[in-house]
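Colleague: I'd like to learn how to read salt bridges and pockets in a model like this one. Can you walk me through it?

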Amino acid sequence: MSDLIWGGVDVAMKVPPHQYDATVSFYRDVVKLKEIEGGNDISFELGPIRLWIDRVPTMSQAELWLEFMTPDFDRAAEHLEKADVPRCDLIETLPPDLRGGWILNPAGIVHLVRETGRD
């Protein structure tokens, strides 16, 4: 594990509306994962991971988005920029109190890089 960037505990499944209810039902009723209470969003315990199921009206197919953590977002962003990792911050607005940004891996998978100690 790097001291600059490491895996987080959140995975977001971005699902189009026409697949949303069936997807939630699959995890809740078929697989019977424990639903995590709180807020308007639906999430489940997936081992040590929190699996978020997000309804996204602008999507035509589901995607998985992953999370990286860092103690210093500015340093991590600089490191990633030097490695030519593309930023995609316009993909989803982050809350004003969350210090982080969005990147793409070479396969086009979205990752949130966020500073620890902030929600």
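Colleague: Which side chain does Glu78 meet in a salt bridge?

Modeller: Before the answer, a caution: this is a predicted model, where local features need pLDDT of at least 70, side-chain atom pairs count only at pLDDT 80 or more, and totals for chains, interfaces and linings use all residues. Residues are numbered from 1 along each chain as its sequence is written, and side-chain values use heavy atoms, with hydrogens and water left out. The general idea is that side chains of opposite charge can pair when their charged atoms come close. A salt bridge here is a side-chain nitrogen of Lys or Arg within 4 Å of a carboxyl oxygen of Asp or Glu. Glu78 meets Lys82, at 3.1 Å from N to O. Both sit in helix α2, 4 residues apart, about one turn of the helix (helices are DSSP runs of H or I, at least four residues, and strands runs of E, at least two, numbered from the N terminus).

Colleague: Is Lys82 buried or exposed?

Modeller: Exposed, because its relative accessibility is 67%; the cut-offs are under 20% for buried, over 50% for exposed and partly exposed in between, with a 1.4 Å probe and protein chains only. Glu78, at 43%, is partly exposed.

Colleague: Which residue does Arg55 pair with?

Modeller: Asp21, with the closest N and O atoms 3.8 Å apart. Arg55 is in strand β5 and Asp21 in helix α1 (residues 17-30), so this bridge ties together parts 34 residues apart in sequence. Arg99 and Asp74 also form a salt bridge, their closest N and O atoms being 2.4 Å apart. That pair links distant parts of the chain, with Arg99 in the loop between α2 (73-82) and β7 (100-104) and Asp74 in helix α2, 25 residues away.

Colleague: How many salt bridges does the structure hold?

Modeller: There are 10.

Colleague: What is the volume of the largest pocket?

Modeller: About 490 Å³. On a 1 Å grid over the protein atoms alone, a pocket is an open set of points where a 1.4 Å probe fits, with protein on both sides within 12 Å along at least five of seven lines; lining residues have an atom within 4 Å of a point. Volume is the space filled by probe spheres set on the points, which are joined across faces, edges and corners. Of the 19 lining residues, the closest to the centre are Asp10, Trp52, Glu92, Leu98 and Leu112.

Colleague: Which element gives the largest share of that lining?

Modeller: Strand β2, with 4 residues.
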